[in-house]
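Keep the sequence and the coordinates at hand while reading.

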Amino acid sequence: MNLTAPATESPPPSDQPMVVNCIAYRQDGSRIGDITLDAISDVMAEPDTFVWVGLHEPDEELLLKIQQEFNLHDLAIEDAHAAHQRTKIEAYGDSLFLVVQTAQLIDGHLAFGETHIFFGPRYLVTVRHGASLSYAPARRTCENTPELLANGPSYALYGVLDFIVDNLLPIVRDFREEVQQLEHDIFGETFKSSTIRRLYDMQRDLMTLRLAVAPLQDIVQQLIRLYPNLIPEELRAYFRDVYDHAFRVNEAISAMREMLTAAINVNLSLVSLRQNEVMKKLAGWAAMLAAPTLLTSWYGMNFTHMPELSRPWAYPAMIVVMGCIVGGIYIGLKRARWL
């Protein structure tokens, strides 16, 4: 295989839709070009080269092909095919297998996915499942800095992890802006069940997002401390930057969860206060109606001798008495701010 040919003359990538890209690089960070999966072994047979492969929801046959080309471990291939794995990092000989959770806002709803990463001294293979963005921007960024890409797949791994973490910050920022928009409904005059439901959904999504981000900090720490043969010293500062970004995301998620908890409690408290105000007003009006009801009920009794019936002034006197009682109750309730 001619590894000195320019990228424009390189063979096109595989026509399989599951293969996003398959690109060969020289050890100095320059790009050789797109290659087919069958040409991977030819590139790996040449010295001072490495390969970056991107897959999206591959089937078992394609994963077995990748396993043969890079001599990957059976257990790692099994995990990559099954998906639904926890965030983790595992070492198989001189290579690593990483599982990283990803998130993406789709039509206002948070969807989660996974990226499985096979990382070796001369290759990087990313396998995307579920909701995730293409790593083409990360690849372009790495190619624009060939002096750093000269460190091999380790810098490509940094580019992918940094891309994943940086895409989480806008999600948290959108959640914060949505909470600010919901504040109008929280402090509104009427109770909306949709508001409390949305606040609960956001809190649930943030909890899931935190469970995805928190283990990522441990993975980056392990990459910095435990694998000097794969992560060169000059790139450790870049991985520490990824750790700092993940820490910021985790802190922002924790702050957002506290904010949402407070918003839910405030909403429920305001609803209870409004209900109490309504009950106080109803009780006040009921008390004012109870006094004349009690007085007039006397006249419904079937008695023969009722002195008030024989007096011409009895009826207007009864009206005045009822008015005074009702007025006194009204003034008292008004002072007590029940009305």
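In this predicted model, Lys 65 is partly exposed, with a relative accessible area of 22%. The side chain of Lys 65 meets that of Glu 69 in a salt bridge, with 3.1 Å from N to O. Glu 69 counts as buried at 16% relative accessibility. The cut-off matters here: buried means under 20% relative accessible area, so 16% falls below it, whereas the 22% of Lys 65 falls in the partly exposed range. Both residues belong to helix H2 (residues 60-70), and because they are 4 residues apart in that helix, Lys 65 and Glu 69 are separated by about one helical turn.

How many salt bridges does the count come to? The count is 10. Another of them joins Asp 79 and Lys 88, whose closest N and O atoms are 2.9 Å apart. Asp 79 counts as buried at 15% relative accessibility, and Lys 88 is buried as well, at 9%.

A further pair lies in helix H4 (residues 136-143). Glu 143 forms a salt bridge with Arg 139, and the closest N and O atoms are 3.7 Å apart. As these two residues are 4 positions apart in helix H4, about one helical turn separates them. Arg 139 counts as buried, at 13% relative accessibility.

Helix H4 lies across strand S1 (19-26), S2 and strand S3 (49-56), and runs at about 10 degrees to S1. The sheet is open and has 7 strands in the order S2-S1-S3-S7-S6-S5-S4, with mixed pairing. Its edge strands are strand S2 (31-34) and strand S4 (88-92), each of which pairs on one side only. On average, neighbouring strands of the sheet are turned by 20 degrees against each other, direction ignored.

Consider S1 in more detail. S1 is largely enclosed by the rest of the structure, because 6 of its 8 residues are buried. On one side, S1 and S3 pair in the antiparallel sense over 7 bridges, and Val 19 stands opposite Leu 55 in S3. S1 and S2 also run antiparallel, joined by 3 bridges. S1 and S2 form a hairpin with 4 residues between them. Within its turn, Gly 29 has a positive phi of about 95 degrees.

A second pairing to follow is that of strand S5 (residues 95-106) with strand S6 (residues 109-120). These two strands pair in the antiparallel sense over 11 bridges. Here Val 99 stands opposite His 116 in S6. Helix H8 (residues 193-226) packs on the sheet and touches S4, S5 and S6. The direction of helix H8 makes about 150 degrees with that of S5.

In a regular strand the side chains alternate between the two faces of the sheet.

Next, the surface. Which residues form a nonpolar patch there? They are Val 278, Met 279 and Leu 282, with about 300 Å² of accessible area together. Leu 282 is placed in helix H9 (residues 236-298). Leu 282 is exposed, because its relative accessible area of 51% is over the 50% cut-off.

Some totals place these details in the whole chain. The secondary structure comes to 10 helices and 7 strands. Of the 339 residues of the protein chain, 44% count as buried. The chain exposes about 18000 Å², and carbon and sulfur atoms supply 56% of that area. Among contacts between residues at least 6 apart in sequence, 64% join residues at least 24 apart.

Technical notes
Residues numbered from 1 in each chain as written. Predicted model: local features only at pLDDT ≥ 70, side-chain atom pairs only at ≥ 80, totals over all residues. Heavy atoms only, no water. Pairing = 2+ DSSP bridges. Axes fitted to C-alpha atoms, helices over the stretch in contact; angles between N-to-C directions. Contact = heavy atoms within 4.5 Å. Buried < 20%, exposed > 50% of the residue type's maximum accessible area, 1.4 Å probe, protein only. Areas by Shrake-Rupley, 256 points an atom, 1.4 Å probe, with all protein chains shown as cover. Patch = residues over 30% accessible without salt bridge, like charges linked within 9 Å, V, L, I, M, F, W, Y side chains within 5 Å. Salt bridge = Lys/Arg side-chain N within 4 Å of Asp/Glu carboxyl O.
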